[in-house]
Amino acid sequence: MVKQKINIPPRPPLALLQQQAVWLSFVLLAIGLHVFEAALPSLGPWFKFGVANIMTLLALMYLGARAAFTLAIARVIIGSMFIGTLFTPTFFISLTGALSAATVMVIFYKLIPRISLISLSLLAAIAHMSGQFIAVETWFIQQPALYYLLPPLLSLSCISGWINGAIATYIWQKLKMEREQ
Amino acid sequence: MTTKNNHPKAVTVSFRQCLQGTWADRILLFSLLLVIAFLWLQISQTLNQGTPTAYIYHGNTLLAKYPLPDDQHIIHVAAQGEIGISDIEISKNGIRFDSSPCTTHHCILAGSKRYAGSVIACVPNHIMVVIRGSDKENKESIKFDAISE
């Protein structure tokens, strides 16, 4: 009888598996929030509260920049599949907004490590809205007149950014406590 | 203060405390609002010049330009966009999308707009209407309206 040597790949470390599980749970929560928000009546077309950005913020704090970026992309793609807007103008606008927000979050987090989650969320909300406008102006309606709408929407973004930041801070405190125990 | 496992005891913070933010957060918010207000003022000054006029665009092309009528006269403009024709109605009450080939019809639901700075955009059809200029009654007005899919 010939014994066959089977090469079993080494098991990934537990810490890595745990990180992947946390990332996946964050993605699922973000998708849930994305779909939930799409179902809600909006304050005005184009304005959304951006609660899914809370998960991007938490992913950045908990897992790092790469996880935050991948979460933002995965959330928009899978969320758009659920709400039926994949590859429509809404999808591209949403993706640009999410990526702009994630980029700003990462840049400021790296530049100012002690920055609070509220400040990060405020800056991300502004970036999200501005990114969306730039996307529309670049790809769909090449009219600078579009920016007439920007100031009122940015004001609303400040409010939503602050509240989302506060929610993220609260959840982050709880997560930190769990970690410490 | 330490727990049984010699870890520093985590401080519980209520949501209300989180909502208050830090001084740095408040300063940032104030600065952002200041910049936004400045932007808003600049835009409103540009928009309020001249008589109220509706501009209809397809992408970067100006399709039509009509002063808002003072009488009962109603103008219908058929604007050819990316996915079909949007019917735009201009009357003394303002400007509105009467029909649109888009699926969501947010542009129609945005209703009638008549103040300087009002914008209605149908993103799938790449059609946008803007009102520039203001009369004496609405000189100070710059109203946020809607941008629609």
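B:His126 counts as buried, with 24 C-beta neighbours inside 10 Å (buried means 20 or more other C-beta atoms within 10 Å of the residue's own, exposed means 12 or fewer, and partly exposed is in between, with C-beta atoms placed from the backbone). This is a predicted model, in which local features need pLDDT of at least 70 and side-chain atom pairs count only at pLDDT 80 or more, while totals for chains, interfaces and linings use all residues. Residues are numbered from 1 along each chain as its sequence is written, and chains are lettered from A and ligands numbered from 1 in the order in which they are written.

Back to the histidine: B:His126 sits in the loop between S6 and S7 of chain B (strands are DSSP runs of E with at least two residues, helices are runs of H or I with at least four, and both are numbered from the N terminus). Its phi is positive, about 60 degrees, although B:His126 is not a glycine. Most residues other than glycine have a negative phi.

Chain A has a case of its own. A:Phe87 has a phi near 65 degrees, again positive in a residue other than glycine. Is A:Phe87 buried or exposed? A:Phe87 is exposed, with 10 other C-beta atoms within 10 Å. You'll find A:Phe87 in the loop between helix H3 (65-83) and helix H4 (89-111) of chain A.

## Chain A: helices throughout

Chain A has six helices and zero strands, so reading along the sequence gives α-α-α-α-α-α. Its C-alpha atoms fill a box of roughly 80 × 40 × 30 Å, taken along the principal axes. Of the 181 residues in chain A, 45% are buried. Among contacts with a separation of 6 or more in chain A, 73% come from residues 24 or more positions apart (a contact means C-beta atoms, placed from the backbone, within 7 Å).

Helix H2 (residues 52-62) of chain A is mostly covered, with ten of its eleven residues buried. Among the buried ones are A:Asn53, A:Ile54, A:Leu57, A:Leu58 and A:Met61. The cover for the buried residues of H2(A) includes helix H1 (14-39), H3, H4, helix H5 (117-140) and helix H6 (150-180) of chain A. After H2(A) comes A:Gly64, with a positive phi near 115 degrees.

How do H2(A) and H3(A) pass each other? Their axes come within 7 Å and cross at roughly 155 degrees (axes are lines fitted to C-alpha atoms, for helices over the stretch in contact, with angles from 0 to 180 degrees between N-to-C directions). That makes H2(A) roughly antiparallel to H3(A) (over 145 degrees is roughly antiparallel, under 35 roughly parallel, 65 to 115 roughly perpendicular, and the rest oblique).

## Two sheets in chain B

One open sheet of chain B has four strands in the order S2-S1-S7-S6, with antiparallel pairing (two strands pair if DSSP finds at least two bridges between them). Strand S2 (61-67) and strand S6 (119-122) stand at the edges with a single partner each, so one side of each lacks a neighbour in the sheet. The twist averages 15 degrees from one strand to the next. Six bridges join strand S1 (residues 53-58) to the antiparallel strand S7 (residues 127-132), and B:Thr53 has B:Arg132 as its bridge partner in S7(B).

The other open sheet has three strands, S3-S4-S5, also paired antiparallel. Its edge strands are S3 (75-80) and S5 (94-99), each pairing on one side only. Neighbouring strands here are turned by 30 degrees against each other on average, direction ignored. Six bridges join S3(B) to strand S4 (residues 85-91), and B:Val77 stands opposite B:Ile88 in S4(B).

## Where the chains meet

32 residues of chain A are in contact with 37 residues of chain B. On the chain A side, H4, H5 and H6 each give two or more residues, and H6(A) gives the most, with 13. That side divides into 21 nonpolar, nine polar and two charged residues.

Terms used
Two residues are in contact if their C-beta atoms, placed from the backbone, lie within 7 Å. Ala, Val, Leu, Ile, Met, Phe, Trp, Tyr, Cys and Pro count as nonpolar, Asp, Glu, Lys and Arg as charged, and the others, Gly among them, as polar.
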